[in-house]
Amino acid sequence: MSRHDAAMAWRAALGNAILPAGWALLPVALLLWHTDARDPDAARWLGAALVLAAWLGLLGWWRLRRPPAPRKPLAVADTAAARDPVAVVAAAPVDASQAAVGVHVVYASQTGFAEQLARQTLQSLQAAGMPVRLHGIDTLTLEELRHAGRVLFVVSTTGDGEPPDRAQAFSRLAMRQPAQLGGLRYGLLALGDSDYENFCGFGRQLQRWLEASNAQALFDPVEVDSEDEASLRHWQHCLAMLTGISDLPDWQAPKYQRWRLAERRLLNPGSVGEPCFHLELQPLQGRADWQAGDLVEIGPCHAPDRVASWLAASGLDGRVPVASGRERLPLAELLARCRLPEAHQIDGLDEEAVAATLQRLPHRAYSIASLPGDGAIHLLVRQMRGRGGYLGLGSGWLTAHAPVGAAIALRVRSNVNFHAPANARPLLLIGNGTGLAALRSLLKARIAAGHRRNWLLFGERHAAHDFLYREEIERWLADGRIERADFAWSRDQAERIHVQQRLREAADELQRWVDAGAAVYVCGSLDGLAPGVDAVLRDVLGDARVEQLRAQGRYRRDVY
């Protein structure tokens, strides 16, 4: 028996003894009163006895009626509560309304920045029409996590890798051992400062615990170094993928440079898929630098005929100059860069008043397919179409509406997680579709550095029409700059064959390359390619080896 249980038993026994003792003294006192009620000394003794009897009786009655004091959770190590981290924090049981929430946003904040980003995340999801709920991590229980379905964590790190103060209990108690979270899908935004050795320490601890608990990642974790804007924009890109809404508002106004669309060339004529274009862009001001694996963000514009139709329907004059920041420009030009309001939103407003209500179009992100030495940024862009058959905002602008020679709003975004290995280790490059863009830049960087141990696995529909950059890749193979290449042409035979199948067929070679220190880079579709390749890697190498590769930075993904 524990000390706590022994004390409770002693207290109960004492209370049970006091009550009958008190009532036993009462008849004694009454007897003394009848024996010699006129004796002053007896009267004094009688009064004292009555008071004592009443007090003892009341004390015993109170002891029996009062419920035992509740025990603090996890106070004793060998109790059921101590073995189950659900007892970390008190919370109401999960009800039907919680189960109906589409996404839960959980934050762990020290200075308030993580909470601010969590609330912006909440607003973005709400703008996409998703049901969502916000939690501080100090109010979260494992029972809620087990029933949450999808959770987005926004967590900071304090000191050198420590959890924020309000996350201390969750870290110490809930995360001390894996939980059963097999039904949970999560995203993670980890905040940190690279000046500290244990960068994003708590975020990485949380990620390892979630993986050990069998939770499944919605997308790769996003790490932010000291409020880095590029990483935060990448998180917004992940939210767009999660919601399926590509035009969520930017959290911060973009600061674009002006580039010129120098070339546009169709790469897949005759394809059963949507047209895919090679684009070249050159800076009109200054110069830009980037590394293989980096991205660009494009400020798209509406097609001119769509703006003209909107102006005609609204009865406004697109030639009227209006305010746009510190400059003035024709209303039609501003409208091309902004969301077009509904008719009821501008009823009765003139051109200047309409301009004051406009909201800029969100950016579109694309992988860079070239190196600075190529003299231009190369993009590989496939036309996307919406439900009504309309071209997508970004792909439509770049591949159809913007004339060659037009000015394009563009900024480079560093993508540190997908930069090429700094050494000559072997490199597996796995991708499909327009994911080849990032792989092409990585191959160019490796070839320029003289590293030839490169293995390309690429998939598309038909070899005859969809072998993007075919001449270049075949030349690299012939020159020995790519050691091995495997292709999956899904529709060149009756059975659909995808990249992950080619990887499984080469399981022995995969094992040898990884044993030789190879890194694995994956770029392409989030829904099909990424989970398929991950499953093959885990089947061939084992979960522990895959997690080791990820921890060593030898397994990296840029999926969308």
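Cysteine 523 counts as buried, at 0% relative accessibility, where buried means under 20% relative accessible area, exposed over 50% and partly exposed in between (1.4 Å probe, protein chains only). Cysteine 301 is likewise buried, with a relative accessible area of 15%. A search of the whole structure finds 0 disulfides, a disulfide being a pair of cysteine sulfur atoms within 2.5 Å. Cysteine 301 is in no disulfide, and the nearest cysteine sulfur, that of cysteine 338, lies 9.1 Å away.

The model is predicted, so that local features need pLDDT of at least 70 and side-chain atom pairs count only at pLDDT 80 or more, whereas totals for chains, interfaces and linings use all residues. Residues are numbered from 1 along each chain as its sequence is written, and side-chain values use heavy atoms, with hydrogens and water left out.

The chain has 20 helices and 19 strands; these are DSSP runs numbered from the N terminus, helices being H or I of at least four residues and strands E of at least two. Of the 560 residues of the chain, 47% count as buried. Among contacts in the chain with a separation of 6 or more, 76% join residues 24 or more positions apart, contact meaning heavy atoms within 4.5 Å.

Valine 381 is buried, with a relative accessible area of 1%. Cysteine 276 is 105 residues from valine 381 in sequence, but the two are 5.6 Å apart in space, C-alpha to C-alpha. Neighbours within four places in sequence aside, the contacts of valine 381 include Pro275, Cys276, Phe277, Tyr366 and Thr434.

Cysteine 200, in the loop between strand 4 (185-192) and helix 8, has a positive phi near 50 degrees and is buried, with a relative accessible area of 1%. Tyrosine 469, in the loop between helix 15 (463-466) and helix 16, has a positive phi of about 55 degrees. Tyrosine 469 is buried, with a relative accessible area of 10%.

In helix 16 (residues 470-478), Glu472, Ile473 and Trp476 are buried. These residues lie on the same side of helix 16 because they cover an arc of only 95 degrees around the axis, the arc being that of the directions from the helix axis to the C-beta atoms. The buried residues of helix 16 pack against helix 14 (436-448), strand 16 (454-460) and strand 17 (484-489). On the face turned away from the buried side, helix 16 carries the exposed residues Glu471 and Ala478. Glycine 480, which follows helix 16, has a positive phi near 80 degrees.

The second largest pocket holds about 1000 Å³ of space. On a 1 Å grid over the protein atoms alone, a pocket is an open set of points where a 1.4 Å probe fits, with protein on both sides within 12 Å along at least five of seven lines, and lining residues have an atom within 4 Å of a point. Grid points are joined across faces, edges and corners, and a volume is the space filled by probe spheres set on the points. The second largest pocket is lined by 32 residues, of which Arg204, Pro221, Val222, Glu223 and Asn417 are the closest to its centre. Helix 9 gives the most to this lining, with 6 residues.
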